[in-house]
Amino acid sequence: MSAREYDVVIVGAGFAGMYLLYRVRRLGMSVRVLEQGSDVGGTWYWNRYPGARCDVESMQYSYQFDDDLQQEWHWPERYSAQPDILKYAQHVADRFDLRKDIDFEMRLASARFDEESAIWTLKADDDKVTNARFFVMATGCLSAPNWPKIEGLKSFTGPTYHTALWPHEKVDFSSQRVAVIGTGSSAIQSIPHIAREAAHLTVFQRTPNYAIPAHNRDMDTELEKEIKAHYTTMRARAKTTPGGLDVAYNQGSIHDATPDERDSAFERNWQRGGLGFMSAFGDLMMDQSANDIAAEFVRNKIRERVKDPQTAENLCPRNVIGAKRLCVDIDYYETFNRDNIELVDVGAEPIEQITSEGVRAHGRLYEVDTLVIATGFDAMTGALTRVDIRGRDDASLAERWKDGPSTYLGLAMHEFPNLFTVTGPGSPSVFSNMLPTIEQHVDWIADCLGHAKSQGYATVEAEADAEQDWWAHCQELGNIGLKTMTDSWYVGANVSGKARVFLPYFGGIPAYFKKCEDVVENGYEGFAFR
Ligand code: N01
């Protein structure tokens, strides 16, 4: 059977893959998308756990490439729930007739670059082969599930669910004794829902997290009208902020404020809710004593929200606030006031074992009927290194990244010609509003493909020096301030055996976008076209 051939093959039909498909079609290039799931949506296709919701406000977490689309779509809530975001992705697929160019239920297993023909040979799990001139991994930053290394995990006889691989049908927790392992965003969102349904819930917490209330509500239709009337201005303003979010940032130091001014700044952000909490002062992530004040403010809120003082103390994080991505919660702390929930601290003494009947910790067996694993992702690199990608001279990406990744702009790697990554390591990605950042990456890649096509180039490849310089710059920025002082998935610390390297770019959206523009203006500086 001869292989199919396309100018461009995109892996992943999440928001990145969908928009790239739309853009590449307009270049008049043949294109195919390979998608592991049975429909579009990426993150929002897989993460169907109860309570899954975006931590960026709906009016900002949406595409802006098509004004009719952003004008016609109505988000029902301030923060969108997973089913609504999936509906949106499906609407976009219908509106632009995307599905006809997507192979669903096709997982890419390997990709090999042939230097002579300058063609990538992509092999799926079922051995189906697709050839491509250009190949784009649009596989997401938080998409490769991380399973905990706990002895006996497979021996549990009841149902086991990973939050990132949640079943499509509703999971019924009623009259069940449930254990949740993990207290990151996924757990913090799902725990209130599970506790409301289950007979009993045991939460195994290794490290408490800081959660800021979402204050979610129905969409304010007047605000929606106002934003839609000035959408372009709002989107442009968002691009001037470090996180690409239309949120007011105070650049001033907390040390210049009186205690009352500090409290009211934090209280204002607390009442507004969500990820913008750390925008109260400019030095919260730079100076430990500034960070301590913000952290204590949130701890005091936890103490107010949780009735039992010991449970409240156990839920209070002691690490740097903001060094892990903040969580955005709805009733998380109040859930610990219920009488059917128990918090088990496994910080000092890890879970000993999972048995056929439950979870063993502190010498005691917690018997449960259902296990929920909320242990996150092999972030930023996992989706790339889990595919056997071989570039020039059979160079293996996974092997090259054994001691940590390196990329040029989070977009491309030396020795891997014609391969692009969307929001790869070394891009602002997870430090920004992902959807607009995805659009910027896709636009950049599409323009680059158009350039290669119009100039008749067969290959484009990041130059070794450009990659090295960019990666060194990313590491330098990563080491400024307090971000790396806590174990987190930003530094790969959540996956056992993963190299500890700061993965995203922390220079902010304006500097990053400017760099990408400059690269193009300077004749694709740092890229070699042949
Ligand atoms: O994963 P996490 P997540 N024994 O890695 C614990 C995005 N997201 O899926 O901190 C016991 O944050 C681990 O403990 P520790 C968002 O960017 C977005 O919750 O490593 N516990 C931690 O508590 C987020 O940051 C939304 O000590 C173990 C938890 O598991 C990112 O995805 C919603 C353990 C993992 O937390 C990841 O979130 C959800 C063990 N052996 C997620 N191993 C939105 O709102 C791990 N843990 C868009």
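Two strands count as paired when DSSP finds at least two bridges between them, and helices (H or I, at least four residues) and strands (E, at least two) are DSSP runs numbered from the N terminus. Everything shown here is a predicted model, in which local features need pLDDT of at least 70, side-chain atom pairs count only at pLDDT 80 or more, and totals for chains, interfaces and linings use all residues. Residues are numbered from 1 along each chain as its sequence is written, and side-chain values use heavy atoms, with hydrogens and water left out.

**View 1. Strands S4 and S5 run antiparallel.** Let's start with strand S4 (residues 108-114) and strand S5 (residues 119-124), which are joined by 6 bridges. To trace the pairing, find Phe113, which stands opposite Trp120 in S5. Next, look for Asp114, whose opposite residue in S5 is Ile119. The two strands make a hairpin with 4 residues between them, and in this turn Ala118 has a positive phi of about 55 degrees. In a regular strand, side chains alternate between the two faces of the sheet.

**View 2. S4 also pairs with strand S17.** Here the direction is parallel: 3 bridges join S4 to S17 (residues 388-390).

**View 3. S5 and strand S6 run antiparallel.** Moving along from S5, you reach S6 (residues 129-137), and 4 bridges link the two. Lys123 is a handy landmark, as it stands opposite Val129 in S6. S5 and S6 form a hairpin with 4 residues between the strands, where Asp127 takes a positive phi near 75 degrees.

**View 4. An open sheet has the strand order S13-S14-S15.** This sheet of 3 strands shows antiparallel pairing. Its edge strands, S13 (353-354) and S15 (364-367), each pair on one side only. S13 and S14 are held in antiparallel pairing by 2 bridges, with Gln353 standing opposite Arg360 in S14. The hairpin that joins S13 to S14 passes through 3 residues.

**View 5. S14 and S15 form a hairpin.** Strand S14 (residues 358-361) pairs with S15 in the antiparallel sense over 4 bridges. If you look at Ala361, its bridge partner in S15 is Arg364. There are 2 residues between these strands, and His362 in the turn has a positive phi of about 50 degrees.

**View 6. The chain is divided into two domains.** Domain bounds come from an automatic or database domain assignment. Domain 1 covers 4-144 + 378-529, while domain 2 covers 153-373. Between the C-alpha centres of the two domains the distance is 27 Å. Domain 1 gives 46 residues to the contact and domain 2 gives 51 residues, where contact means heavy atoms within 4.5 Å.

**View 7. A shell of 24 residues surrounds the ligand.** The closest of them are Arg53, Ser186, Thr207, Lys324 and Arg325; a residue is near the ligand if one of its heavy atoms lies within 4 Å of it. Domain 1 and domain 2 each supply at least three residues to this shell. The largest share, 3 residues, comes from helix H5 (residues 185-197). By class, the shell has 10 nonpolar, 9 polar and 5 charged residues. Ala, Val, Leu, Ile, Met, Phe, Trp, Tyr, Cys and Pro count as nonpolar, Asp, Glu, Lys and Arg as charged, and the others, Gly among them, as polar.

View 8. A polar backbone atom of Asp55 is 3.1 Å from a ligand oxygen atom. A backbone N or O atom of Gly184 sits 3.5 Å from an oxygen atom of the ligand. In the side chain of Arg325, an N or O atom is 3.3 Å from a ligand oxygen atom. On its own the ligand has 910 Å² of accessible area, and the protein covers 88% of that; such areas come from the Shrake-Rupley method with a 1.4 Å probe, and for residues only the protein chains shown count as cover.

Technical notes. Polar contact = N/O pair within 3.5 Å; in protein donor to acceptor, adjacent residues only side chain to side chain.
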